[in-house]
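Hello,

Here is the structure I promised to hand over. Have a look at it first, and then read on for my notes.

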Amino acid sequence: MDTREKLSAAADEISYSATIRRTRYGVPHITAQDLAGAWFGQGYAMAEDRLCVLLDQVIKVRGERARYFGPGEYEANVESDFAYRHLRLLADAEKRLPGLPNEIQSMLTAHAAGINRYLAVTDTAKLPAACRDPRQHVTVSAADLLAIATDFSIFLSSRFLTPFISNAQPPQAAGTPVTAPAAPAANAERPGSNGWAIGADMTESGHGMLLAQPHFPWEGALQAWESHVTVPGQLDVYGITVPGVPNTLVGFNAAVAWTLTVTTSPKATLYQLNLLPGDATRYYYDGQVRALEPAEYTIELLSKAGTLEPKTRKLWRSHYGPILSIPAALTGGMADYAWNAQHVLTYRDANIDNDSMLAQFFDMTKAANMDGLIDAHRRWAGSVPFSNTVAASVEGKAWYADSSPVPHLSPATLQAWRQARLSDPGVAALFAFHGIYLLDGSTSRDEWVNDPAARKPGLVPFERAPQLARRDFVFNANDSHWLTNPKQPLEGFYPLYGDEHQPPSLRTRMNARTLTGQTGKFTLQAVKDAALSNQALAGQLFRSALVERCRKTKAVKVDGKTIDLAEACRVLANWDERFDPDSRGAVLFREFLSGFRPEAGGHEDTLMTANRQIFAQAFDPAEPLATPSGLAPAPKSAPDPALLALARAAQRLKQAGIELDARLGDVQFSPKNAVKIPIHGGQGQEGILNMAAYSGSNDSLLPATPRGKVLNPATGLTDQGYVVNYGTSFLLAVELTAQGPSAQAVMAFSQSADPESPHYADQTTLFSSKGWRPCLFRNAEIEADPALRRYQVGNR
């Protein structure tokens, strides 16, 4: 019996019991007499809604995809298995589990037992089609869930590097060639969010309010899941998590509400090792020679004949972490970081051993006031994997912190990195690719600095992280800490926390303008209206000047063809500068902007930083919310870039069969079964709060949302229009009052991932019409719901 089987057998000896009440839209309210029963019930309810992705993620972190699903296209499952075996997520989880706080061990054990119980008692024919095959039904253990939590933790630090682990082999190594890693998926949007905490000075009620607007995938491993968990006298929390991770990551209780936004601070550093001539498995470190550590792994591969065949590979690591091999094709040709005779890449990740995340979130859910929420951050000191925390409290406080673990580098290391970034195009390319610092691994100078005040060696102590408490507001929209509140800029912090005095994205500016431009004090309705106003700051900056200019120039030549601009001018003149379902001209303006956003899948501020020819006025740090601004004037002796971009936009839409004045709701949609549900919202370069886009990867083997031929990778335009499977996900507005929380929400992609469920598309339809629904928190509200469905679950 292996460790996983022992853990599962131990869970079977414990008696669990919970009550699940499903209200309208399928939202589960789990109640139990003890915490273990609550986590069991949460696991059971999660399996009801997300079983297929749960099983998929367990198999992934175990490194067993090839065993259950065969090699995959281009042997993708084989490469994934070897990478995850080498990451050692499951092996480390089994070792770390006994050292976790008892309540966290119990949480993981009970949650896994709930998942297993659902699978055991449910008729296979009633399971979702994607995971109906009983040969793929695995028994989930507490260690599996801890490994999934770690995998979630490294999602925005080093998980994107996993394709480069399994193929890393010494030059001219003997054996079967490995499969080259695939390029990152087109339009693989980097998850983001808007988070507002509004304090007593700006709310009509005098209490705290929160807006949570995570921009995350609508499918796959990061598809949010909603629940309400209650243990009388111990816990009462409402919010979301992701499949396989117990507890609540974003949400509220009676006293505090919090949300997370992706930070700009890095969590991992790359290291280049200088190799010993004649031996590519040995490297220099402070003038001495060290050997790379080899490890041999054997996976099982399901053959076409249905038999399991062993496949063995040797992989390597340095004292920093796994060895990588990144070919030049994936750095834009700027540099080749494939393993060669001279050098090789490795890395260190602050989240790979983050065993405090679950404990920190658990303490946050129990906080009785803002001080308690902040204490949870202090106690676990930077254990929120890749996020800022934005929080509000019933007493009217608003608080922000970069609550993630950040590598502590010495001033000498930072100076050397800056010089390399300026002089070495390869370093610059890697940094632009994913914001990763490339350091010199052959010198102890570039090791992470140990500080006794930090949670773990090599991290920046949490007390040095950017933090701000206010009585008016704090916010974040995935830029740095600098403009958390423009009245009190956060300056002078450790540089890895993010840039200061640099242009914020248009979305950050739109958030700040909305907060600072509010007439009167905020009500819950005003917060809801702002979240889905769909106003585009880029439209306010450029539309009028563009219309004026194109009216003066009737036509332009594009690739030798004369393009009449009259219709485009008319459409933009009548556009309402919004991305609402009825907005006409929004898609034309989107395609126009893409002429100034040369690459797809980049950070959303590309319009601001990569190509500034669109702006008339340069960025001024003294006016960060007003600059850059204006449409750059037309050159005197060359074609006008703005009119050329507009003409190309019109051509592209006609190629797609879309009228220039098409309603956004007619061409932007989410496909749910055979129905195309209209989706409002925009993209990052448009400067809009409500994001709606397409992500090319859901990090699972489950079917991805299909779309047609891509005509413009920068906008996701296809010959079918704009397909949406990413953006505003769980939209939440909360007001905390002395009588209890008043909350409204909508899950844009709906509660269930099963296409046969009645809750597969109901909230998507609600979101399409800008609808919201109440979050039923009080027992009387739950009991009064006409759609209430109640059932007991247990393992006895």
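This is a predicted model: local features need pLDDT of at least 70, side-chain atom pairs count only at pLDDT 80 or more; totals for chains, interfaces and linings use all residues.

Residues are numbered from 1 along each chain as its sequence is written, and side-chain values use heavy atoms, with hydrogens and water left out.

The structure holds 20 aromatic pairs (rings of Phe, Tyr and Trp, the last by its six-membered ring, with centres within 6.5 Å; planes under 30 degrees apart are stacked, over 60 edge-to-face and the rest tilted). One of them joins Trp-218 and Phe-767: the ring centres are 6.3 Å apart and the planes stand at 85°, so this pair is edge-to-face. These two residues are 549 residues apart in the chain. Trp-218 is buried, at 5% relative accessible area (buried means under 20%, exposed over 50% and partly exposed in between, with a 1.4 Å probe and protein chains only). Phe-767 is buried too, at 1%.

Tyr-271 and Tyr-320 make a stacked pair, 3.8 Å centre to centre with 15° between the planes. Tyr-271 has a relative accessible area of 0%, and Tyr-320 is buried at 8%.

Two charged ends sit over rings (NZ of Lys or CZ of Arg within 6 Å of the ring centre and within 35 degrees of the ring normal). Arg-590 does this with Tyr-722, 4.6 Å from the ring centre, and Lys-672 with Tyr-760, at 4.2 Å.

Best wishes

Terms used: Helices (H or I, at least four residues) and strands (E, at least two) are DSSP runs, numbered from the N terminus.
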